[in-house]
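Opening the notebook on this one.

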Amino acid sequence: NREVEDEKNVQPALNYKREFARKDQTLNVDFQYNESYDGETSDFTQTENEVTTLQRAENLAEDKNWFFQTDYVHPFGEDGKAEAGLRSTTRSVNNEYALEELQDDNWVVFPAFNNNLVYNERIHAAYLMAGNKFNKLSIQAGLRGEYSDITTELTETNEANHREYFNLFPSVNLGYDIAKNKTLQLSYSKRINRPHFRELLPFSNFSDSRNFFQGNPNLNPEYTHAFETGYLVNWDNGSILSSAYYRYRIGDIQRVVQVETDGTTRTFPVNVGSTNSYGLEFNFSYTFGKWWDINSSANFFRSITEGVFEGQTLSRDTYAFHTRTTSKMRISKGLEFQTSFFYRGPRKTTQGRQLSAYSLDLALAKDILKGKGTISANVRDLLNTRKWRSITEIEEENY
């Protein structure tokens, strides 16, 4: 598979900030426009049983985004603060895809892989949040409303899917000072996770003759109700936060592997049902003298998924663990060395297993020109171990 890719990206942005006479009273206005173009042309050469097949593909994507946001902060009393804001985003994507095969010196089009997706997304939101402290008790509560208008259309086959919905997202955070530098925390929030554009794109990656990945234009967002309680300890050079949480996710997005009649497999995302997650999380940060900062987090949880797709039960009950540690050392004046290590443990999926993965990144930065400039160098995935591996286990006669 030989691919040539041409990319273009333009992004102007404007920001306005006003600070009032009263301390911490501010108004922020942000505007941003982003336009990108991504054109890919691929040539495939496949040899099987001494027969060579030539194919070529073209994938042209144009993406335009408008973003506007304004936030106002108004302090009151000694520790009180109220915030309000508006946010509006508009996205338009035009994606053309075509696949052809050379047959008898003529390029023949594959109808199943020849289409044009037009994706339009408009999301408008407003929020109001307020917080205050009463002796040892601090309270913060907020409410965000979001209106979403999303349309996906396949122009060649005249298929269109229009979704329009309004959601309210409340949040509450409570904190209680048990003693000096020791705080007990309790929180609840409702969240939304919209599918990525690539998860909606129905065209397959054709670089494997036996396994195909396709997006799902009918994919809906996930909704999560998150409850968390934590214990925070601060001291002069660091802090540690230990917390327990429960998350209930509705419309859980999972990738499904399905065997076709010709024996090939097709992988695509679907909303399978609901997931309950229970976990413990730890965050630790500490500064050793003036030369070493370390920050580490760890998360251990149990995840239970229950769902059905086309009569097939998609469920899992898995325990999982992941951790990340970042270390930054000041070797000498103006010279810093940073390392970052990540590990994600194995876990079950609804149709098999996901294997473990880990990686190590290094970075070095040096101030120059009496602090007016910086030279930096970094290495990502030093050990070449950042591999995402999974095993699919399904009961299919042809698989």
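My entries on the sheet, the residue and the voids follow.

**Ground rules.** I'm working on a predicted model, where local features need pLDDT of at least 70, side-chain atom pairs count only at pLDDT 80 or more, and totals for chains, interfaces and linings use all residues. Residues are numbered from 1 along each chain as its sequence is written, and side-chain values use heavy atoms, with hydrogens and water left out.

**Sheet.** I looked up the strand order and got β11-β15-β14, an open sheet of three strands with mixed pairing. Strands here are DSSP runs of E, at least two residues, numbered from the N terminus; two of them pair if DSSP finds at least two bridges between them. β11 (211–213) and β14 (253–259) are the edges: each has a single partner strand, so one side of each has no neighbour in the sheet. On average, neighbouring strands are turned by 30° against each other, direction ignored; the axes are lines fitted to C-alpha atoms.

I then checked how β11 meets β15 (residues 265–271): they run parallel, joined by three bridges. Asparagine 211 sits opposite threonine 265 of β15.

**Threonine 267.** This residue is also in β15. Is it buried or exposed? Threonine 267 counts as buried, because its relative accessibility is 18% and the cut-off for buried is under 20% relative accessible area, with exposed over 50% and partly exposed in between (1.4 Å probe, protein chains only). Leaving out residues up to four places away in sequence, I find threonine 267 touching Phe212, Phe213, Gln214, Arg255, Val256 and Val257; a contact is heavy atoms within 4.5 Å.

**Pocket.** I ran a 1 Å grid over the protein atoms alone; a pocket is an open set of points with protein on both sides within 12 Å along at least five of seven lines, a cavity is a set where a 1.4 Å probe fits but cannot get out, and lining residues have an atom within 4 Å of a point. The largest pocket comes to about 1200 Å³, a volume being the space filled by probe spheres set on the points. Its lining has 39 residues, with Ile253, Gln254, Arg255, Thr349 and Gln354 nearest the centre. By class I get 10 nonpolar, 19 polar and 10 charged, with Gly put among the polar ones.

β7 (115–134) and β9 (159–179) are the elements giving two or more residues to its lining. That lining includes Tyr119, Glu121, Arg163 and Tyr165. Its classes are seven nonpolar, no polar and three charged.

Technical notes. Helix = DSSP H or I, 4+ residues; strand = E, 2+ residues; numbered from the N terminus. Axes fitted to C-alpha atoms, helices over the stretch in contact; angles between N-to-C directions.
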